[in-house]
Structures are given as structure tokens and as C-alpha cells.
Amino acid sequence: MTKKQTQAYTEEFRKEAVRRAEQKGNTAASVGRELGISAQQIYNWRRQFNRLSDKQFNSLQGVDYSKKESEEMRKLKRKVHNLEEENEFLKKATAYFAKHQE
């Protein structure tokens with residue numbers, strides 16, 4: 001049996017893939033197809049970056065935050081994302097009901 005060859009990606013490439021997958025309108029699957037990698041690989045990289053030490057994580061964002069601030073920033077970003085999804089759902093529901101009341 002032969003050992004599967006794995007391709008090494010630069011840290012810059014991995015960070016860029018994760019950053020693009022987190023942008024509004026993008027998914028890990030769409031970015032993965034575009035870059036020729038699996039969506040699971042992007043999820044793995046995201047998880048690794050989230051587990052990095054405080055100094056390494058902060059370099060990912062390009063800003064010097066304390067660990068507590070970094071954790072709060074992640075929570076707030078997650079909350080904003082959820083609220084944006086709820087807002088989109090409510091817009092669609094409003095449009096649907098407005099159309100069907102005519």
C-alpha cells in the first residue's frame with residue numbers, strides 16, 4: 001500500500017482561504033472549489049486558527065488584542081452573523097406575506 005501524498009500549503013494561503021470563506025456571500029464549499037481544496041480542509045484550518053495562542057491569533061487579524069478581547073470579538077462576530085441571517089429571513093418572510101396579501 002502506498003502512502004497518500006499530502007500537499008503543504010503556506011500559512012498565508014490557509015489564512016486567505018479561511019478569510020474568504022468567512023466573507024458574506026461565500027461558503028467554505030465555494031471557496032474550496034475555487035481553490036481546488038475541500039471545504040473540510042478550510043473548516044480544519046479555521047478551527048486551528050481559532051485554537052492558536054493569543055499572539056498567533058492576533059496576527060491572523062492584524063490587530064493586537066488581549067486574549068479576553070479576542071474571545072469577545074469572536075463571540076460578537078458570531079452574534080452579528082446570526083443576526084444578519086435572522087434579518088435576511090425576516091426580509092424574505094415580509095416580502096412573501098406582502099405579496100400574498102394583495
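Is Glu88 buried, partly exposed or exposed? Glu88 counts as partly exposed, at 33% relative accessibility, where buried means under 20% relative accessible area, exposed means over 50%, and partly exposed lies in between (1.4 Å probe, protein chains only).

1. Basis of the notes. This is a predicted model, in which local features need pLDDT of at least 70 and side-chain atom pairs count only at pLDDT 80 or more, while totals for chains, interfaces and linings use all residues. Residues are numbered from 1 along each chain as its sequence is written, and side-chain values use heavy atoms, with hydrogens and water left out.

2. The pair in α5. Glu88 forms a salt bridge with Lys91, the closest N and O atoms being 3.8 Å apart; a salt bridge here is a side-chain nitrogen of Lys or Arg within 4 Å of a carboxyl oxygen of Asp or Glu. Both residues lie in helix α5 (residues 67–101), three residues apart, about one turn of the helix; helices (H or I, at least four residues) and strands (E, at least two) are DSSP runs, numbered from the N terminus. Lys91 counts as partly exposed, with 48% relative accessibility. By the salt-bridge rule the count comes to five.

3. The pair in α1. A salt bridge also joins the side chains of Lys15 and Glu11, at 3.2 Å from N to O. These two residues are four apart in helix α1, and so are separated by about one helical turn. An α-helix has 3.6 residues a turn, so residues three or four places apart point the same way. Glu11 is partly exposed, at 41% relative accessibility.

4. The pair between helices. The salt bridge of Glu34 with Arg20 has its closest N and O atoms 1.8 Å apart. Because Glu34 lies in helix α2 and Arg20 in helix α1, this pair ties together parts that are 14 residues apart in sequence. Glu34 is exposed, with a relative accessible area of 55%.

5. Within helix α2 (residues 28–35), Ala28, Val31 and Gly32 are buried. They cover an arc of only 100 degrees around the axis, which puts them on the same side of α2; the arc is that of the directions from the helix axis to the C-beta atoms. The exposed residues Arg33 and Glu34 are carried on the face of α2 turned away from its buried side. The cover over the buried residues includes α1 (11–22) and α3 (39–51). Gly36 follows α2 and has a positive phi, near 75 degrees.

6. Packing of α1 on α2. The two axes come within 8 Å and cross at roughly 140 degrees, axes being lines fitted to C-alpha atoms, for helices over the stretch in contact, with angles that run from 0 to 180 degrees between N-to-C directions. That makes α1 oblique to α2, given that angles under 35 degrees count as roughly parallel, over 145 as roughly antiparallel, 65 to 115 as roughly perpendicular and the rest as oblique. Phe13, Ala17, Arg20 and Ala21 in α1 meet Ala28, Val31, Glu34 and Leu35 in α2, contact meaning heavy atoms within 4.5 Å.

7. Packing of α2 on α3. Here the axes are 8 Å apart and the angle is about 110 degrees, and α2 and α3 are therefore roughly perpendicular to each other. The contact is made by Ala28, Ala29, Val31 and Gly32 of α2 with Ala39, Ile42 and Tyr43 of α3.
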